[in-house]
Amino acid sequence: MSSQERKIGEEPIYDAKSLGTPRVLVLGFQHVFAMFGATVLVPLLTGLSVSTTLLWAGLGTLLFHLLTKKKVPAFLGSSFAFLGGYAAIAPLVDGQPNPDLPYACFGVACAGLVYLVLAALFKAFGASKVMRFFPPVVTGPIIIAIGLNLSSTAISNCEQNWAIALVAIVVVIICNIWGRGMIKIVPILMGVIASYLVAACAGLIDFTPVKEAAWFGIPLDYSRTVFSIFTSGNVNHALLLSSVITIVPIAFATMMEHIGDISAISSTTGINYIKDPGLHRTLTGDGLATFFASLFGAPANTTYGENTGVLTLTRVYDPFVIRVAAVIAVILSFCPKFAAIIEVMPSATIGGISLILYGMISAVGVRNLVETHCDFSKSRNVLIAALILVLSIGINYSSAGAISFNVGAATISFSGLATGSLVGIILNAALPGKDYKFEEGEPNDTGVDLQIHQGESYGDEADMKKREKKG
């Protein structure tokens with residue numbers, strides 16, 4: 001039976017060969033369109049380069065496909081989970097990139113290497129044994145804290161012009177609730193476009209950088225890479241170590257997000273990718289993509305739920321189409337004028353979008369605690385969640401903003417999120433009563449999904465399968 005004739009239920013499943021080149025190119029652009037809004041929003045919120053972000057979204061996706069035997073139809077875009085890490089180490093300065101951004105990127109690169117450690121553990125011991133140490137009661141509160149810690153930044157941006165911010169918020173809500181087809185999949189992008197156009201018509205945007213930008217350019221700036229730290233001759237070792245300590249714990253949540261996304265893709269396509277090519281391969285691909293992207297000054301990568309939605313919408317599950325989308329993203333990264341159009345976006349537009357995104361991050365944490373039936377009648381679970389939340393949020397909003405101590409001449413700082421994450425993981429491992437089970441044969445909930453899904457185009461199908469499984 002050909003791939004075109006293969007069916008799930010009564011619907012045909014098409015592959016790239018049967019569709020032909022023109023349709024494959026259109027489908028590739030659709031995947032780029034789906035991931036674009038969320039992917040470019042991360043550099044706008046952190047000060048990272050839009051061009052470099054697009055370059056490594058494409059290259060990271062291609063690397064992932066290579067390491068997973070070209071079997072998994074996943075696109076890797078910018079991860080929102082690390083926004084708190086960037087804000088803690090190198091917050092924007094009057095809306096401009098912080099010179100310390102390479103230090104934050106170093107911490108994210110180290111977080112990418114942690115994926116390789118977990119991949120090795122999965123390979124050696126199996127998924128069910130390892131996942132016992134990362135249950136929803138740990139990862140759920142971490143997600144809630146990530147969103148709440150970022151909330152003040154969203155309000156600050158909205159205060160630049162609340163009218164422009166409200167345009168973005170209202171359009172996102174309308175598209176998400178009442179939109180149809182692709183409009184429902186990309187409400188974030190629609191909100192950005194609407195707010196951007198209103199601001200432009202009101203004369204609130206200076207398009208001089210767009211006029212001055214070239215049509216073609218190299219999407220890399222050495223001064224914004226991690227390599228620049230070690231060739232500058234003036235390395236801030238304390239900040240380097242603080243970056244690692246602050247950002248690496250976030251990887252424990254994003255790795256669970258990765259497993260959740262692979263489970264969702266498996267549910268969508270009807271193929272268990274957790275077994276073949278295996279979580280050790282998908283984690284390695286995601287981790288190395290994040291590692292290399294961060295070294296060159298791009299955000300951390302993550303498997304994108306938006307593109308899983310497109311899979312369900314089109315019923316074209318051929319990974320080759322995703323690789324076409326990755327190549328398109330790489331090509332777009334070589335157009336500075338395109339990047340400049342995005343970079344002159346008003347702060348209020350970013351504020352309106354981030355107001356929703358940051359709230360959704362926290363809401364997703366709550367949702368997953370509910371969906372995984374986390375039992376808060378157990379004292380151990382209450383204690384773990386309570387300490388993660390209070391430490392993560394309380395330390396972040398304290399006068400110091402971190403727990404600091406001296407090691408020799410260096411001052412080391414633990415952010416609230418780093419402290420809360422580590423305490424939660426250690427408590428869960430030490431306290432009796434661990435009851436979370438992860439079934440490798442039949443992928444189930446991980447309790448984590450940090451991606452901002454622009455619409456629920458695949459959620460209904462996944463939820464239906466969950467209900468059928470539960471009887």
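This report describes selected side-chain contacts and one surface patch in a predicted model.

## The salt bridge

The structure holds 1 salt bridge, and its partners are D276 and K71, whose closest N and O atoms are 2.9 Å apart. Because D276 belongs to helix α15 (residues 274–295) while K71 sits in the loop between α3 (50–67) and β3 (76–78), the pair ties together parts that are 205 residues apart in sequence. D276 counts as partly exposed, with a relative accessibility of 36%, and K71 is also partly exposed, at 33%.

## Aromatic pairs

There are 6 aromatic pairs in the structure. One of them joins F106 and F230, whose ring centres are 5.9 Å apart and whose planes meet at 65 degrees, so the pair is edge-to-face. This pair links distant parts of the chain, since F106 is in helix α5 (residues 101–125) and F230 is in helix α12 (residues 227–231), 124 residues apart. F230 is partly exposed, with a relative accessible area of 46%.

Y196 and F207 form a tilted pair, with 6.3 Å from centre to centre and 50 degrees between the planes. Y196 lies in helix α10 (residues 187–201) and F207 in the loop between α10 and α11 (208–212), so the pair ties together parts that are 11 residues apart in sequence. Y196 counts as buried at 11% relative accessibility, whereas F207 is partly exposed at 30%.

## Other ring contacts

W56, F227 and F296 form one aromatic cluster. Elsewhere, the charged end of K337 sits over the ring of W215, 5.2 Å from its centre.

## A nonpolar surface patch

V170, I173, I174, I177 and W178 make a nonpolar surface patch of about 500 Å². Among them, V170 is placed in helix α8 (residues 162–178) and is partly exposed, with a relative accessible area of 43%.

Terms used
Residues numbered from 1 in each chain as written. Predicted model: local features only at pLDDT ≥ 70, side-chain atom pairs only at ≥ 80, totals over all residues. Heavy atoms only, no water. Salt bridge = Lys/Arg side-chain N within 4 Å of Asp/Glu carboxyl O. Helix = DSSP H or I, 4+ residues; strand = E, 2+ residues; numbered from the N terminus. Buried < 20%, exposed > 50% of the residue type's maximum accessible area, 1.4 Å probe, protein only. Patch = residues over 30% accessible without salt bridge, like charges linked within 9 Å, V, L, I, M, F, W, Y side chains within 5 Å. Areas by Shrake-Rupley, 256 points an atom, 1.4 Å probe, with all protein chains shown as cover. Phe/Tyr/Trp six-rings, centres within 6.5 Å; stacked < 30°, edge-to-face > 60°. Lys NZ or Arg CZ within 6 Å of the ring centre and 35° of its normal.
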